[in-house]
Amino acid sequence: MKRLVFLTGHFSKQKRRTSMLWVTDHLQTLGWHVTYITVGYSWLSRLKGDKRLAALGYMPTQGTTQISPTLTAFYGLSPWHPVNWQNSVLNQATEPLNRLYTAYWAQKLRTPLAEADVAICESGAPVMLAPLVKHFAPQATRIYRVSDDIRLLNAPKALLQAEAAHHHFHRISTGSPLIARRFADHPNVTIDPMGVPSDQVKVKTTDPYQRHKDEKIAVCAGSTLLDMGSIARTAKACPNWQIHVIGQLKSTPPALPNVTWHGEQPFAKTLGHIQHADIGLAPFQDVLGVEYQITNSNRILLYRYYGLPILVPARLCSPDIPSLISDSAPNWPERCESYGRQPEAIPDWSALADSLVQNGVTDPPEYTSSVAAPVENPRVNTVPPLASSA
């Protein structure tokens, strides 16, 4: 049995279905054993009341949990984890404590990594553990899967430094050509597109909305880099829109007459909200670098699959994706309301899973990336570097 060890900030059982959850599910159907290691939490998370834990709806069990014959999960609270306090003095004062994070995981990672055929670190807290992964799994193919640009997610300095030291990985994989440019000095970068769960998105769901005459239903199915001000402006400009926002929020949302805040909910329920909506909202914060969400946003991929018009900041608009409508265009409400459904073909998650573990050839959407080369003879990456940073 082939073995994958996956380091992530997510949990193997959670309401929000992230990209790599689909990947690891598929690998299990192929006979792989997956060890799902959740890192980036400490006793500080408990003391601060970490909203990521609150969104789970249950308190995760520390230690090893055998979920099925093909899935093992490990969750641990280290004495400390890297934090960006957004205060230079406090950041500098607490930086030495980051050693407690790596020391804790050095004790926990040895056993699962010793038998790994493939070890994947997802962007975020796992990347700081890359030296440990290399040390404990010299026999494994080591991949850094960059799902997000962590520069935009309040990442502490220690994680940014660890990401820059990416020589611990045989391969860097991302769905975004824009992110790929950041790793031009790595010899083996591949663009492996994101996908959708084909079997689930084809299922007909019950309409969850109570519709009124002349109303349009707009859904925002996710809260990553959410611009709350954009939601408020959209609600005010379009009083005939019934707006539904799904996902974990960092603060209490404003009370708006035509906005319903649903919080985190199971994926199947979210699919119903998207499938029966008229308009998809992607109100990302309008900052340099957020353009990577064009290819990496789960919600945008699902909107495209169902053929919804998608309201986005102007910097996300692309002539290759006509369904993206700028929220600064003078006639954006009318364009959204008159847009006919135009479903697009989106690959299944299994294509990404197969590529990650088989070093298969990818078909990048915008650039030609390097093929995932054999470990002993990596190919040179051809993606140009990012011109400026966020």
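Predicted model: local features only at pLDDT ≥ 70, side-chain atom pairs only at ≥ 80, totals over all residues.
Thr18 counts as buried, because its relative accessibility is 4% and the cut-off for a buried residue is under 20%.

**Nonpolar cores**

- The largest nonpolar core holds 88 residues, and within it Trp105 and Leu109 touch the most other members; the largest share of this core, 6 residues, is contributed by helix H13 (residues 298–306).
- Apart from this core lies another one, made up of 18 residues, with Leu249, Leu281, Ala329 and Cys336 among them.
- When residues up to four places away in sequence are not counted, Trp105 touches Ile37, Thr38, Val39, Phe74, Gly76, Ser78, Leu129 and Leu132.

**Helix H1 and its packing on H15**

- Helix H1 (residues 19–29) is mostly covered, since 9 of its 11 residues are buried; these are Ser19, Met20, Leu21, Trp22, Val23, Thr24, His26, Leu27 and Gln28.
- The axis of H1 comes within 8 Å of the axis of helix H15 (residues 349–358), and the two cross at roughly 75°, so H1 and H15 are roughly perpendicular to each other.
- On the H1 side the contact is made by Ser19, Met20, Trp22, Val23, His26 and Leu27, while H15 supplies Trp349, Ser350, Leu352, Ala353, Asp354, Leu356 and Val357.
- Divided by class, the residues in the contact of H1 with H15 are 9 nonpolar, 3 polar and 1 charged.
- Just after H1, Gly31 takes a positive phi of about 100°.

**Helix H11 and its packing on H13**

- Helix H11 is largely enclosed by the rest of the structure, because 7 of its 9 residues are buried, namely Phe267, Thr270, Leu271, Gly272, His273, Ile274 and Gln275.
- The buried residues of H11 pack against several elements, which are H1, helix H9 (198–201), strand E9 (216–221), strand E10 (241–246), strand E11 (259–263) and H13.
- The axes of H11 (residues 267–275) and H13 come within 10 Å and cross at roughly 50°, which means that H11 is oblique to H13.
- The crossing in which H11 passes H13 is right-handed, and the contact involves Phe267, Leu271, Ile274 and Gln275 of H11 together with Leu302, Tyr303 and Tyr306 of H13.
- This contact of H11 with H13 has 6 nonpolar residues and 1 polar residue, with no charged residues.

**Glu122 in strand E5**

- Glu122 has its place in strand E5 (residues 118–122) and is buried, because its relative accessible area is 5% and the cut-off lies at 20%.
- Although Glu122 and Thr8 are 114 residues apart in sequence, their C-alpha atoms are 5.3 Å apart in space.
- Leaving aside neighbours within four places in sequence, Glu122 is in contact with Phe6, Leu7, Thr8, His10, Ser19, Met20, Val127, Tyr144, Arg145 and Ser147.

**Residues in loops**

- Gln139 is found in the loop between helix H6 (130–136) and strand E6 (141–146), and at 43% relative accessibility Gln139 counts as partly exposed.
- Beyond its neighbours within four places in sequence, Gln139 is in contact with Leu113, Ala114, Glu115 and Ala116.
- Gln139 and Gly31 are 108 residues apart along the chain, and their C-alpha atoms are separated by 20 Å.
- Asn154, which lies in the loop between E6 and helix H7 (157–164), has a positive phi of about 60° although it is not a glycine, and Asn154 counts as partly exposed at 35% relative accessibility.
- Leu225, found in the loop between E9 and helix H10 (228–237), is likewise not a glycine and has a positive phi of about 50°; Leu225 is buried, with a relative accessible area of 7%.

Terms used: Residues numbered from 1 in each chain as written. Heavy atoms only, no water. Core = buried A, V, L, I, M, F, W, Y, C linked by side-chain atoms within 4.5 Å. Buried < 20%, exposed > 50% of the residue type's maximum accessible area, 1.4 Å probe, protein only. Helix = DSSP H or I, 4+ residues; strand = E, 2+ residues; numbered from the N terminus. Contact = heavy atoms within 4.5 Å. Axes fitted to C-alpha atoms, helices over the stretch in contact; angles between N-to-C directions. Parallel < 35°, antiparallel > 145°, perpendicular 65-115°, else oblique. Left-handed = near helix turned anticlockwise from the far one by under 90°. Nonpolar A, V, L, I, M, F, W, Y, C, P; charged D, E, K, R; others polar.
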